[in-house]
Amino acid sequence: MSILAGIDIGTNTVRLLIAEVKDKYNFKEIRSERRITRLGEGLIENRRLMPSAEERTIFVLKEFWEILKGYPVEALTAVATSAVREAENGREFVERIKVETDFDVEVISGDEEAKRTFLGVVAGLNNKNSSLLIMDIGGGSTEFIVSNNAVVLSSISTGLGVVKLTEKFAKSDPVTDRELKGLRNAIEKEIKGLKDSLNSASEATFVGTA
């Protein structure tokens, strides 16, 4: 058994997991934390991470650093996803994280995000060897993965993220009928061709995560 930790710096949420790991499909959670920092706020309009969003995220990462000191963690992986990989100043933010928290952050692609999502999902399922269609809804992207016998057959990463869609379409509170129609049309357009691209999805068990 090994004590391992993972940090996920998402477009909307930053997560920490500390776990006792036996193998890639067997682990026992020791502690998990989740903080909404909305790192991707303003990204669509400005194409950059906003200073206030960076500050919120750095604050949480410093908090996680202090939490980690209380556990005998043997190895740590920290990743950043959609917001950081798309922002013009994403690399600068990763460098800032290193300076202020000492975390080495890997910016992963949409395909790699889908792969790691798959491993995380099937670890928690009893029927991991059946045919699965997994949908992971994130703040900046949504991944669709089809698997069979715990092997990925196909995966697609889309630009459908809750932060992106909210900032682009939901200008009112409550949302107007016109805004809701635009949101639905954008989602339908994006996913229209997914069925033909995902192998055997029609016979799979649907699993959603976010």
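This briefing walks through the strands, helices, cores and salt bridges of the structure above. Keep in mind that the model is predicted. Four strands make an open sheet, and the largest nonpolar core holds 27 residues. A second, separate core has eleven, and a search of the whole structure turns up 16 salt bridges.

**The four-stranded sheet**

- Reading across this open sheet, the strand order is 8-7-6-9, and the pairing is mixed.
- Strands 8 and 9 sit at the edges with a single partner strand each, so one side of each has no neighbour in the sheet.
- From one strand to the next, the twist averages 15 degrees.
- Strand 7 and strand 8 are antiparallel partners, held by seven bridges.
- Within that area, asparagine 148 faces valine 151 of strand 8.

- Strand 1 runs parallel to strand 4, and six bridges join them.
- Glycine 6 has threonine 77 of strand 4 standing opposite.
- Strand 4 also runs parallel to strand 5 (residues 105-107), this time with three bridges.
- Alanine 78 finds its bridge partner in strand 5, namely valine 105.

- As background, an α-helix has 3.6 residues a turn, so residues three or four places apart point the same way.
- Threonine 117 has a relative accessibility of 13%, so it counts as buried, the cut-off being under 20%.
- Setting aside residues up to four places away in sequence, threonine 117 touches Asp136, Ile145 and Thr209.

- Nonpolar side chains tend to be buried together in soluble globular proteins.
- In the largest core, with its 27 residues, the ones with the most contacts inside it are Ile7, Ile9, Leu39, Ile97 and Val105.
- Two or more residues each come from strand 1 (2-9), strand 2 (13-23), helix 2 (51-68), strand 4 (75-80), helix 3 and helix 4 (90-101).
- Helix 2 gives this core its largest share, seven residues.
- The second core is separate, and among its eleven residues are Val122, Leu132, Ile134 and Val207.
- Back to isoleucine 97: leaving out neighbours within four places in sequence, its contacts are Ile9, Ile58, Leu61, Asp102, Phe103 and Val105.

**Salt bridges**

- Side chains of opposite charge can pair when their charged atoms come close.
- Glutamate 41 and arginine 56 form a salt bridge, 2.7 Å from N to O.
- Glutamate 41 is in the loop between strand 3 and helix 1 (43-46) while arginine 56 is in helix 2, so this pair ties together parts 15 residues apart in sequence.
- Glutamate 41 is partly exposed at a relative accessible area of 31%, and arginine 56 is partly exposed at 30%.
- Glutamate 54 and arginine 96 make another salt bridge, with the closest N and O atoms 3.0 Å apart.
- Here the link runs from helix 2 (glutamate 54) to helix 4 (arginine 96), so parts 42 residues apart in sequence are tied together.
- Glutamate 54 and arginine 96 are both buried.
- Aspartate 102 pairs with lysine 98 in a salt bridge of 3.0 Å, N to O.
- Both partners count as partly exposed: aspartate 102 has a relative accessibility of 42%, and lysine 98 has a relative accessible area of 34%.
- Some salt bridges share partners, joining Glu54, Glu55, Lys62, Arg96 and Glu100 into one network.

Notes
Residues are numbered from 1 along each chain as its sequence is written. This is a predicted model: local features need pLDDT of at least 70, side-chain atom pairs count only at pLDDT 80 or more; totals for chains, interfaces and linings use all residues. Side-chain values use heavy atoms; hydrogens and water are left out. Buried means under 20% relative accessible area, exposed over 50%, partly exposed in between (1.4 Å probe, protein chains only). Contact means heavy atoms within 4.5 Å. Two strands pair if DSSP finds at least two bridges between them. Axes are lines fitted to C-alpha atoms, for helices over the stretch in contact, and angles run from 0 to 180 degrees between N-to-C directions. A nonpolar core is a set of buried Ala, Val, Leu, Ile, Met, Phe, Trp, Tyr and Cys residues joined through side-chain atoms within 4.5 Å. A salt bridge is a side-chain nitrogen of Lys or Arg within 4 Å of a carboxyl oxygen of Asp or Glu.
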